[in-house]
Each structure stands twice: as structure tokens, then as C-alpha cells.
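I open these notebook entries to keep track of what I look up, one topic at a time. The entries follow the order in which I went through the model.

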Amino acid sequence: MTQTIPTGRREDEIQIYDLHKSFGDVEVLKGISLTVRKGEVVCVIGPSGSGKSTLLRCVNLLEQPTKGRIFILNEEITDIDADVDTIRTMMGMVFQQFNLFPHLTALENCTIGQTVVKKIDKQTAIKTALGYLDEVGLKDRAGAYPAQLSGGQQQRVAIARSLSMDVEMVLFDEPTSALDPELVGDVLAVMRRLAASGMTMMVVTHEMAFAREVADRVIFMDGGIVVEEGHPDQVIGNPQNPRTRSFLQRVLDPTHVPDDRG
Amino acid sequence: MTTTQAAVPRKKLSPRKRAQRVRWAQYAVLVALLVGAVLTIDGAQVQRVFFRLDLVQITLTSGLPRAFLNTIIYTAGAFVFGLALGTVLALMRLSQVAPYRWLASIYIEFFRGVPALIVLLAFGLMSVAFPGLRFPLDPYGTVWTALGIVSAAYMAETIRAGILAVPKGQVEAARSLGMPSGTAMRRIVLPQAFRIITPPLTNELILLTKDSSLVYVLGLTASAFELTKFGRDISNSNGNLTPLVVAGFCYLLITLPLTFLVRRMEAKSAKAR
């Protein structure tokens, strides 16, 4: 049975076919294929160095794939003629290190994309931005500069900045990994609400509890390939592959000492 | 070998007391130097050589404000020119296209390596070498271009360092919002880069203020004299250094407020960093 590429189905928002990525001689991604449907929350888990962040960064072409094709809303972003900038306006990205613009206030962080890229007038942009800042619980900090905000607040502003572009989907690259433990909860709460609102989300994360609770599908990656994929209850609750099992054991019980020394 | 393990250490000054005595000694040296200076220096003679009040009077009234203003105009214009050209050169140095990188490197190494005085001397003969070549707003256009061309070489390296000091994640975040790379550079990277390099750029501006004293080699008319040339002419005609000393203090009147202003600006923008 041959598959049409791309599927052309409106609900297949992200389609990845046989994605390879090498840095020099090191092949980080060794042929990844997956589809994320509209409104779906897909969590990508796996040990560090497994290629999960690279996979996410390939999706909006922050990394140029070595081989393979990626379609966003059935438009090929990997095509040489693709209007990458326009495709990116439909796809938010939230980084591990927040990457807020330090010379702009929280509000300006949320308006600059609208006014500069989408040419929306300033008043409308501010209204939209304040709406999303309110949604992440930081409307009263709109005038603050990033340096005046805690890590958790900065990450919530970064989420609001992505949403302010009225995106179809948001990519999260380990959004809570750089946060102090007591600040993780607020960010996850915002992401949980976002998921419940029907946003398409692709989340690289180490938060197993979050993945289990919020994800529609969990993808376990190791060594540049998808090792196991399925419903969180299955992949996290009852993993079949020994690599998944050993990873989860290490993550969920860091003090555990494996009895086999292989 | 004697065993000293059991010996009671000799009672010495405690470290704090010793530090106290060292401080006293340092004060004592200062006082001694001051007393020595007062006893040996003939104040009246020094004043006759460097600071004759009648000549101060003459200097102030024979066109100092004009020269003061010229120095500021030369420096400010050259700084703006150098900043613009320096930014272009810095971007060329960071270009993906290799020949642009080479061109910028050659320019920078050449104008950093050659004394500014020689560049200015060459510039003075530009209109002879290229008949018909005229700079606008003579003599300002000529001075701005000549000084700006040299300072751009220095500023380019500073600006490049500033651009490289902006974290890579900033560009990634900007591009993720759909900004083209030029827009990301202009709206996100450069504003942060210039904030980072404000202190070295201030340094550049102060150096440029003093380098403006070299433009006399361009052969300017009296109304276009800047502070040094102005002061030296009066010095020469009076056979005394006082006018030049006055001119020297005028440079401080420019550079000290500048330093103060930039420090204020930095404190203000600190919260947005």
C-alpha cells in the first residue's frame, strides 16, 4: 500500500517522513516518521542525546534536516521554495532557556511578532497580547522586563509570546528543565490549560507525570529512532521495550541501582 | 636538625594589626610627597609657564567657543559616520559570503594598522588626486569622512564582538516568530549588542574626541580650527603654553560629562538587560 505524501488531510498538522539529521559524522536522527494531528498533545521522552530536541528543532527548521521531508499544515517546510517565515508564524516555539527578548517588556515581547511580522496595528496587537498574558496569569506584569521576572514567569511570558501570533500549534523544547523545582508547577498548569483548550502541542519533556496526564500520545526516542510509541498509559504505564523500561526506571526512581551490569 | 615542632611560635603582630600599620605607612608616604612638592616647587614660576592669567583671558575671548564647537561637531559627525560604516563592516565580517568577510578584514586591518595622521594627510590631497571630488558641507564633510573612515575600523571589531555576545537563542526565538534574518538582526540582536558595547564605544568616542586634533593637517581655515590647532596658534604667537593648556582643559569639559552621561544611561538600561 502506497501512502500519499503529504496526506492532504486538514487534521494532519505536522507530518514527518524519514527524517535524518547529522552533525558532522554523528547521525543524531536516523529516520523518524510521525504525524501530529490537530488538537493532539504529543510528548517526546527519552534519554539525553536521544535526538528529541533535534527532532523538535527540525520541525520549524531551526535545524536543517540532512534528509527527509516535513509538512506543516500540508505545506512542505523542507522544500527549497518554501516560505519558511510564513509557516513559522503558524507554529509557536517555547525554549528551555525561555529566550525572551531582554530589551523589551513582557508586553513588547508579545507584540513585536504581531506588529513586525504580521503587520498588525499596535492597538490590536496590545489587546491580543494582554489577553494571552492574562491567560498565563501575568497581565499585571506586562510592563516588566524579563530580568525582573522569575524563571517561571519568564517561561509563561514566552508561552504568551508564542500564542500571541495566533498559532495553530506550539512546540515545547524541555520547557521546565531550566526552572527551579517550585516554579515548575505554574508553567505546567498553563500548558495543561492550553492542552485542554484544544491546542496542538508537541512537547519534549522530562516531566513523566505531566506526559502521562496530558499527552494523547507518548513517543519514546533513543539513539535517534522512535523506540516505542502509543498511549501514555501504555508507554509509561506498561512499556514493552526493554530500553523504554530501563529509561523509565532511571527517571522515575533515580536511586534505583540496576542489578545487571551490562 | 632541631625539632621545632614543640617550640612555641614567637609572638608576632596579628594580621589585622599589621595591615593597619601598612595603611599608616601608605598615608605617611603620601604626606611626605605632598610636603616635598610644596617645599620644592616654585608655584609662581609654574604659573608663568603654564597658566598665565592674562593669556587665559586672551584665549577665551579670541574665538575659543568657535573652536570648542568645531571639536564637538567634528567628533559627533565622525562618530555617527564611523558607527554606521563600522556596523556595515561588522555585518560583512559575519557574512556567509566569504569575499565580504575578506574585504572587511582587509579594510579593518589596513585602517587600524596605519597611523591616523597619515590617513588624514592622504585625505588632504584627495581633491588633487581625484579632481572634481568634493565632500558636502565643506569642511565638515571632509573631516567627518576622514576621521570616520579610521574610527569605523576600530568600531567594526567592537560591534562584531557585541553581536557575537548576544546569545544564539535570541535569533532562534526571533526566527521562530517568523522574522526574516535581517529583521531579527535589526530588531533583536543589534539593540542588545549596542547595549553590551556601550562602555567600549564610549571609549571609542573619547579617543575620537582627541583624534579630532589631527585634522589640522587637512589645511583648514581659521574659522574651522578645532581646539588644539586654535590653542597652538595663540601659544605660538605669544610664546607661552597657556592657551594650549586652556584648550586641554576644554577636552575634559567634553569627555568628563560624556563619561558621566553614559554611566547614567547604563544604570538606567540595567533593568532591561
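I call a residue buried under 20% relative accessible area, exposed over 50% and partly exposed in between, with a 1.4 Å probe and protein chains only. By that scale Asp18(A), with a relative accessible area of 34%, is partly exposed.

**Ground rules.** I am working with a predicted model, in which local features need pLDDT of at least 70 and side-chain atom pairs count only at pLDDT 80 or more, whereas totals for chains, interfaces and linings use all residues. Residues are numbered from 1 along each chain as its sequence is written, chains are lettered from A and ligands numbered from 1 in the order in which they are written, and side-chain values use heavy atoms, with hydrogens and water left out.

**Backbone angles.** I looked up phi for Asp18(A) and found a value near 50°, which is positive although the residue is not glycine. Most residues other than glycine have a negative phi. Asp18(A) belongs to strand S1 of chain A, residues 12-23; I take helices (H or I, at least four residues) and strands (E, at least two) as DSSP runs, numbered from the N terminus. Glu174(A) is another non-glycine residue with a positive phi, near 45°, and it sits in the loop between strand S7 (169-173) and helix H6 (181-196) of chain A. Glu174(A) counts as buried, at 11% relative accessibility.

**The interface.** How many residues of chain B are in contact with chain A? I find 21 residues of chain B in contact with 23 residues of chain A, where contact means heavy atoms within 4.5 Å. The area buried between the two chains is about 1900 Å², and carbon and sulfur atoms give 62% of it; buried area here is the accessible area (1.4 Å probe) that two parts lose on being put together, summed over both.

I also noted five residue pairs in polar contact between chain B and chain A, both residues at pLDDT 80 or more. A polar contact is a pair of N or O atoms within 3.5 Å; within protein, one must be able to donate a hydrogen and the other to accept it, and residues adjacent in sequence count only if both atoms are side-chain atoms. On the side of chain B that touches chain A, the elements giving two or more residues are helix H9 (168-176) and helix H10 (181-196) of chain B, and H9(B) supplies the largest share, eight residues.

**Salt bridges.** I count a salt bridge when a side-chain nitrogen of Lys or Arg is within 4 Å of a carboxyl oxygen of Asp or Glu. The structure holds 24 of these salt bridges over all chains, and the count between chain B and chain A is two. In one salt bridge, Arg175(B) meets Asp85(A) with the closest N and O atoms 3.6 Å apart; the pair crosses between chains, from helix H9 of chain B to helix H2 (residues 84-88) of chain A. Arg175(B) is partly exposed at a relative accessible area of 22%, whereas Asp85(A) counts as buried at 19%.

Within chain A, Arg217(A) forms a salt bridge with Glu40(A), the closest N and O atoms being 2.9 Å apart. That pair links distant parts of the chain, 177 residues apart, with Arg217(A) in strand S9 (residues 217-222) and Glu40(A) in the loop between strand S2 (26-37) and strand S3 (41-45). Both partners are buried, Arg217(A) at a relative accessible area of 12% and Glu40(A) at 8%.

In chain B, Lys229(B) and Asp233(B) form a salt bridge with a closest N to O distance of 3.4 Å. These residues are separated by about one helical turn, because they are four residues apart in helix H12 (residues 227-238) of chain B.

**Cysteines.** Cys43(A) is buried with a relative accessible area of 0%, and Cys58(A) is buried with a relative accessible area of 0%.

**A buried asparagine.** Asn60(A), in the loop between helix H1 (52-59) and strand S4 (67-72) of chain A, counts as buried at 0% relative accessibility. Not counting residues up to four places away in sequence, Asn60(A) touches residues including Ile77(A), Arg88(A) and Ser176(B).
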